[in-house]
Amino acid sequence: MLKTATQSRESLSPPLLLTSLAGVLQKWLPEQRWFAGKGLPVTELAVVSMTELHPGCLHLLIRSRHAGSRDDCYQLLLGVRRDLPPRLHHAVIGRPSEGPLAGLTVYDALHDPRSAALLLERLRTPGTAGPLRFERDVQTVVPPNLTARVLDGEQSNTSLVYGDSFILKLFRRIQYGVNPDLEVPWALAGQGCARVPSPVAWFWTSEPRKTTLGVLQPFLRGATDGWTLALQSLAAGRDFTDESYELGRATAEVHLALAQVFDPDIPDRHGGRRLAEGMTSRLDTSARQVPALVPYVSRLRAAYDAVAARGPARPPQRIHGDLHLGQVLRAGQRWFVIDFEGEPARPIAERRRAQATVRDVAGMLRSFDYAAHARRPWQPRWARRCREAYCAGYAAEASWDPRTEAGLLRAYETDRAVYEALYEARHRPDWLPVPMAAIARLAEGR
């Protein structure tokens, strides 16, 4: 029998619960891959909502305050046991010394097969649990008793694969509202777009207001992500242009479907200026935190000034928002596009906003560059061939060529490289030279 720890409902009130959890979470949260306040000490924690999913398993939204930064809200699934079996030792968060959980072991319950199975049962059978609402697509049957495993790797969220048939993404850093990773695939499925796996089930909370918490989708068995395929190509000295061309076609197909589902915005004559102002602001902010950017700032601004003068040539529309080789899967000869969440660091309202499709193209071009740098020695010709093939494939499907908007493409590539530089400086300093090489090239107008 599992030795879970049951608590009275009164002892699990948020203020009392926090007396147990504050100490252990202040140490554990900053160590997590998805924690946004890297390098900033947690100065205050608060329980936004708490739901007992089953005895010994708590669903929590925790607000974290860091020194010199805004608040962030995180979704946690915490297990509580008196004795933890060895197979869960890697998931230990801590052992509170005070409060209602004193002397018990608190751990990340997403690694507990029992909690993962019960979470799937919630998704299979729509209903409520406190403020949590579980819903699903009635056209899709999800079998019971699927074995769960947590995906490894660097992710900004946590994903569980159930029986190699379905994958559940739990959003870790929560922003209030409908997450694009549910909204967009659901809308594309209604449009008949077969490039994007359709949501099967999802859950959300009504407390403190409606917010998407997780999405279950089909798991493409045997599929390989584009980043892995690109690295395999580089390691084997193989060309990747055929795959890049087809990936360009897939991107254009998704863009065309998005334009059908979400009406494009009416072109705004001030759009170019506002776009340039936003890019300049991100550049200035990033340069204050990444000193290596400073020597390039004035030349990079020139790329943005060109956008301010001319503006986007095409109407803004909904896009992917964070497209790169890790966000596409190849199964057989076909590419699929996943993870429509957008850049998690940006406000959700911004991620849902209509934007230039060139931004997605620029994201993929940067990703080819990243892959080429990951292989030693650097393979710039490999990246250039992939970039040309990708744009050619896009042009063949979309009937317009993103290379004809060279100024806008350069500005978006620059904006992306600046974002990457800030990200790498915070999370993976060893990778900082990759975006900095692009920054140097783009500053020269190449």
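Axes are lines fitted to C-alpha atoms, for helices over the stretch in contact, and angles run from 0 to 180 degrees between N-to-C directions. This is a predicted model, in which local features need pLDDT of at least 70, side-chain atom pairs count only at pLDDT 80 or more, and totals for chains, interfaces and linings use all residues. Residues are numbered from 1 along each chain as its sequence is written, and side-chain values use heavy atoms, with hydrogens and water left out.

Q: How are H4 and H9 oriented to each other?
A: Helix H4 (residues 226–236) and helix H9 (residues 358–374) have axes that come within 9 Å and cross at roughly 45°; helices (H or I, at least four residues) and strands (E, at least two) are DSSP runs numbered from the N terminus. Angles under 35 degrees count as roughly parallel, over 145 as roughly antiparallel, 65 to 115 as roughly perpendicular and the rest as oblique. The orientation of H4 and H9 is therefore oblique.

Q: Which residues of H9 meet H4?
A: A contact requires heavy atoms within 4.5 Å. From H4, the residues taking part are Trp227, Ala230, Leu231 and Leu234. Their partners in H9 are Ser367, Tyr370, Ala371, Ala372 and Ala374.

Q: How is H5 oriented to H10?
A: Helix H5 (residues 241–261) packs against helix H10 (residues 380–398) with axes 7 Å apart, at an angle of about 40°. This makes the orientation of H5 to H10 oblique.

Q: How is H11 oriented to H12?
A: The axes of H11 and H12 approach within 9 Å, and the crossing angle is roughly 150°. H11 is therefore, relative to H12, roughly antiparallel.

Q: Which residues of H12 meet H11?
A: On the H11 side, the residues include Arg410, Glu413, Ala417 and Glu424. They meet, in H12, Pro435, Met436, Ala438, Ile439, Arg441, Leu442 and Ala443.

Q: Where is Asp430 found, and is the residue buried or exposed?
A: Asp430 belongs to the loop between helix H11 (406–427) and helix H12 (433–443). Buried means under 20% relative accessible area, exposed over 50%, and partly exposed in between (1.4 Å probe, protein chains only). Because its relative accessibility is 74%, Asp430 is exposed.

Q: Which residues in H7 are buried?
A: Helix H7 (residues 297–310) has 14 residues and reaches 21 Å from its first C-alpha to its last. The cover over its buried residues includes helix H6 (271–289), H11 and H12. Those buried residues are Val297, Leu300, Ala303, Tyr304 and Val307.

Q: What does Ala302 count as at 40% relative accessibility?
A: Ala302 lies in helix H7. Its C-alpha atom is separated by 13 Å from that of Leu409, 107 residues apart along the chain. Because its relative accessibility is 40%, Ala302 counts as partly exposed.

Q: How many disulfides does a search of the whole structure find?
A: A disulfide is a pair of cysteine sulfur atoms within 2.5 Å. The sulfur of Cys57 is 17 Å from the closest cysteine sulfur, in Cys73, and so is too far for a bond. Cys386 is also in no disulfide, the nearest cysteine sulfur, that of Cys391, being 11 Å away. Over the whole structure, the number of disulfides found is zero.

Q: Is Cys386 buried or exposed?
A: The relative accessible area of Cys386 is 1%. Cys386 is therefore buried.

Terms used
Expected span 1.5 Å × (residues − 1).
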